[in-house]
Amino acid sequence: MKKVLVLHGPNLNLLGAREPGMYGSLTLEEINQKLVNTGQELGLEVTCRQSNHEGELIDTLHKARDWAVGVVFNPGGYTHTSVALRDAVAAIGIPVVEVHLSNVYARESFRHVSLIAPACAGKIAGFGWQSYRLGLLAIRELTEA
Ligand code: DQA
């Protein structure tokens, strides 16, 4: 079975409690369980990781090169600021799909800019936890032999 990394960035550990009107009421653990189940339906083995630390996210992306066919990545607030994460995405040579729970284009203008997206295979935003599900589908399509 193809292995896929789902990587959550800063503050996403607080899902459920954090701005539920914006991000929904599911906890990160509940979303991760849904993604593992979705992966099974799609023939993907899904591993989920979260970090609030830029360097740890970079290390996790580097390591994914050795075991995953692709990454579904929600960089959280680092989306809009991190050259280092963008460079990591560009460096690893496996497809990365950027995802967001909220529709970042319907929010503050600083969220309209992603430094990460140009290095990604594509981007999905605005569908709550289903953005990740669509991201998994995209990785499956992109890695179809
Ligand atoms: C987010 C959108 C970002 O702008 C924000 O900083 C987040 C969550 C989302 O999933 O909608 O932390 O990535």
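These legends describe close-up views of a predicted model. Local features need pLDDT of at least 70 and side-chain atom pairs count only at pLDDT 80 or more, while totals for chains, interfaces and linings use all residues. Residues are numbered from 1 along each chain as its sequence is written, and side-chain values use heavy atoms, leaving out hydrogens and water.

**View 1. The open sheet has five strands.** Their order is β2-β1-β3-β4-β5, with parallel pairing. Strands (E, at least two residues) and helices (H or I, at least four) are DSSP runs, numbered from the N terminus. Two strands pair if DSSP finds at least two bridges between them. The edge strands, β2 (44-50) and β5 (122-125), each pair on one side only.

**View 2. Strands β4 and β5 run parallel.** Four bridges join β4 (residues 96-100) to β5. V97 has G122 in β5 as its bridge partner.

**View 3. Helix α3 packs on the sheet.** α3 touches β1, β2 and β3 (70-74). Its direction makes about 170 degrees with that of β1. Angles run from 0 to 180 degrees between N-to-C directions, and axes are lines fitted to C-alpha atoms, for helices over the stretch in contact.

**View 4. Helix α3 packs against helix α4.** α3 spans residues 54-64 and α4 spans residues 83-92. The angle is about 5 degrees, with the axes 9 Å apart. α3 is therefore roughly parallel to α4 (an angle under 35 degrees). E54, L57, I58, L61 and H62 in α3 meet A84, L85, A88, V89 and I92 in α4; contact means heavy atoms within 4.5 Å.

Note on methods:
Parallel < 35°, antiparallel > 145°, perpendicular 65-115°, else oblique.
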